[in-house]
Amino acid sequence: HLGMLGVRRVAPRLLSKPGEKRKLVILGTGWGSFRVLRDVNKKLFDVSVISPRNHFVFTPLLCSTTVGTLEFRSVIEPVRQTAPGVAFYQAECVGVDVDTRTVTCTSAFEPVRGSDPGPQTFTVNYDDLVIGVGGRSATFGTEGVYEHAIFLKEISDAQAIRNRIVDCLERAAQPGVPLAEQLRLLHVCIVGGGPTGVEFAAELSDFLRQDLHKAFPVVSHHMRITLIEPSGKLLGAFDENLSKFAAKRFRKQHIDVIQAAVTKVTATGIELSDGTTMPTGLVVWSTGIKPNKLVEKLAIGRDSRSGRILVNDRLMVSKPNNPHKADGTLEVFDNICAIGDCAVIEDAPLPPTAQVANQQGTYVAKQLNLKANGKVYGEKPWTYKHLGMMAYVGDYRALTQFGGLKMGGLHSWILWRSAYLTKTVSIRNKIMIPMQWFKTFLFGRDVSHLHTYKPVLRGTVEDVQPSS
C-alpha cells in the first residue's frame, strides 16, 4: 500500500535479526537528540537521524550571531561530521507506526521543476526510537505574528534579524525619508522577557552603542529598543534581586521595558492590549514554545495541559490515552523514548531548557547502550540535576545563579562566556569563538547587508533569486 502512495522504503533499514546491530532512529537534531547521537555506541546500533535541519545549534550563543558578535557557523555543529558513517536524512517525520515499527518521512527538498527525484515520502524501520523534535514558537493566537514577526530559534532566524536590522538602518539613511518613517524603521520591539528576549535586547544595545553609532552617525541616534513582557518582570525564573538588576541595567542602556500584551502584529507595527499602537521596523517574538505538528498527531500519550508527549521517569513514551497499570505507573512503549522540549514527565514537569534536554539525552544513550548489551533499560530512573542559570544583560554584564550563589556584573559576564565556551561541542568552535570575540573587540561588528538566497526547499529554479 505504501508503494502505491509513492512511498519508498529506505534499504537496508529493516528490523534487526539476532546478532545484528539494533536499528536506532533519532528524530531531531536539538539538544537531546544530538546528545544521544554523540553518546550512543555506534558499534551496537545502526543509527539513522531524521531532521529537516542537518546541524545542531548551540542556542545559548545564538543571540550573539544576530548582531555579528559571533558568526553563524561558529555556533553550529554539522551532523554528518559529528558522527561519520551514521545515516542522515534531511527530512521531516510526518508519522510513526508503532505496530510495524516504522517512521514515515517527507523530504525537506521539493523537486526542481523538470527534474525527476523519485518519491518524496519514504519510511525507515526501527527497533528503538528516540523522539526529540523540540517545539515551535508559541504565538497564543496573536494575529499577524507568523506574517510580520521573526522568531529566534534557528540560524535562519538570526540571519533574518541581522539583515533586517541593517536593512532598516539603510532605509532610514536614504535621502528624503520623513522623520516619522525613520522613527518607525529604527524602533525594534522584542516580545517576551525570558532569556532569549533579554539577551537579544542586550546584544542589540551593544551593537548600537559600539558600532552603529559610528557606521550610521546621522540616523542611529533615533534607534529605540523596546521589550514587552506581560508580567512586567524580566527573567522570571531568576531570583527577584537578579531580575531587578537586569531591569536596572536595561534602564541604564535606554532599553524600554513595557508591561503589556501584544494583540496584533502588522507590517508597520504592533497593537497592545490597552489599545496602544507602536510603529516598528522589526518585531522579534520570543514567548515560549508549544508542541509541533508531529507531536499533535502521533498515536501516543500526551500531557493534557501542555500537549507535550507524556513519558515516565525512564523517559519512555506513554501509550495512547495515558493508561496506568495496577501499581499506578504509566503503560509505556518499551522501545520509544521522548526527550527535550517535546516531552514532559508525568507529575514532574520541567522547563523546556537546553540543560534538561542534554541530561535526558545522556541518560537515554546510556540506557540504550545497556539494553543493546543485554541489560535492563531504565533500572534506575532519570533524575534532573539543576546546573544553574546565566543570562547576558549587556555592556559586559551578566547574571549567574548557581544554587545559593547569585550575582550579577562584570565577573558574572566572564563566567558566562567561560562556561558556554567550555560547553561548545567541537574543538573547531572552541577555537573559533574566542577568536571572533577578540575580532569583535578589536575591529567591531560588520554592518554589511548580505543578500540571502532561497534554498531549493519547497520551491523551483525560478524561485532561487537574491532577495532582501
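Which residue forms a salt bridge with Arg162? Point 3 takes this up.

1. Basis. This is a predicted model, in which local features need pLDDT of at least 70, side-chain atom pairs count only at pLDDT 80 or more, and totals for chains, interfaces and linings use all residues. Residues are numbered from 1 along each chain as its sequence is written, and side-chain values use heavy atoms, with hydrogens and water left out.

2. Helix H1. Helices are DSSP runs of H or I with at least four residues, strands are runs of E with at least two, and both are numbered from the N terminus. Buried means under 20% relative accessible area, exposed means over 50%, and partly exposed lies in between (1.4 Å probe, protein chains only). H1 spans residues 31-39 and is mostly covered. Seven of its nine residues are buried. They are Trp31, Gly32, Ser33, Phe34, Arg35, Val36 and Leu37.

3. Arg162 and its partner. The partner is Glu71, with the closest N and O atoms 3.1 Å apart. Arg162 sits in helix H5 (residues 155-172), while Glu71 is in the loop between helix H2 (62-65) and strand S5 (76-78). The two are 91 residues apart, and the pair links distant parts of the chain. Arg162 counts as buried because its relative accessibility is 12%. Glu71 is partly exposed, at 27%.

4. Other salt bridges. The term covers a side-chain nitrogen of Lys or Arg within 4 Å of a carboxyl oxygen of Asp or Glu. Side chains of opposite charge can pair when their charged atoms come close. The structure holds 18 salt bridges. One of them joins Glu296 and Arg136, at 2.9 Å from N to O. This pair also links distant parts of the chain: Glu296 is in helix H9 (residues 293-297) and Arg136 in strand S10 (residues 135-137), 160 residues apart. Glu296 is partly exposed at 42% relative accessibility. Arg136 is partly exposed too, at 23%. Asp313 forms a salt bridge with Arg314, and their closest N and O atoms are 2.9 Å apart. Asp313 has 34% relative accessibility, so Asp313 counts as partly exposed. A network of salt bridges links Asp206, Arg209, Arg249 and Asp395.

5. Aromatic pairs. Rings of Phe, Tyr and Trp (its six-membered ring) pair if their centres lie within 6.5 Å; planes under 30 degrees apart count as stacked, over 60 as edge-to-face and the rest as tilted. The count by this rule is eleven aromatic pairs. Tyr396 and Trp413 form an edge-to-face pair, 5.1 Å centre to centre, with 80 degrees between the planes. Tyr396 is in the loop between strand S24 (389-394) and strand S25 (397-402); Trp413 is in helix H11 (residues 410-423), 17 residues apart from Tyr396. Tyr396 is partly exposed at 30% relative accessibility. Trp413 is buried, at 14%.

6. Aromatic cluster. One cluster is formed by Trp31, Phe34, Phe56, Phe58, Tyr392, Trp416 and Tyr420.

7. Surface patch. Patches use residues with over 30% relative accessible area and no salt bridge; like charges are joined within 9 Å, nonpolar side chains (Val, Leu, Ile, Met, Phe, Trp, Tyr) within 5 Å. Accessible areas come from the Shrake-Rupley method with a 1.4 Å probe; for residues, only the protein chains shown count as cover. Phe438, Phe441, Leu442 and Phe443 form a nonpolar patch on the surface, with about 530 Å² of accessible area together. Phe441 lies in helix H12 (residues 427-443). Phe441 is exposed, with a relative accessible area of 63%.
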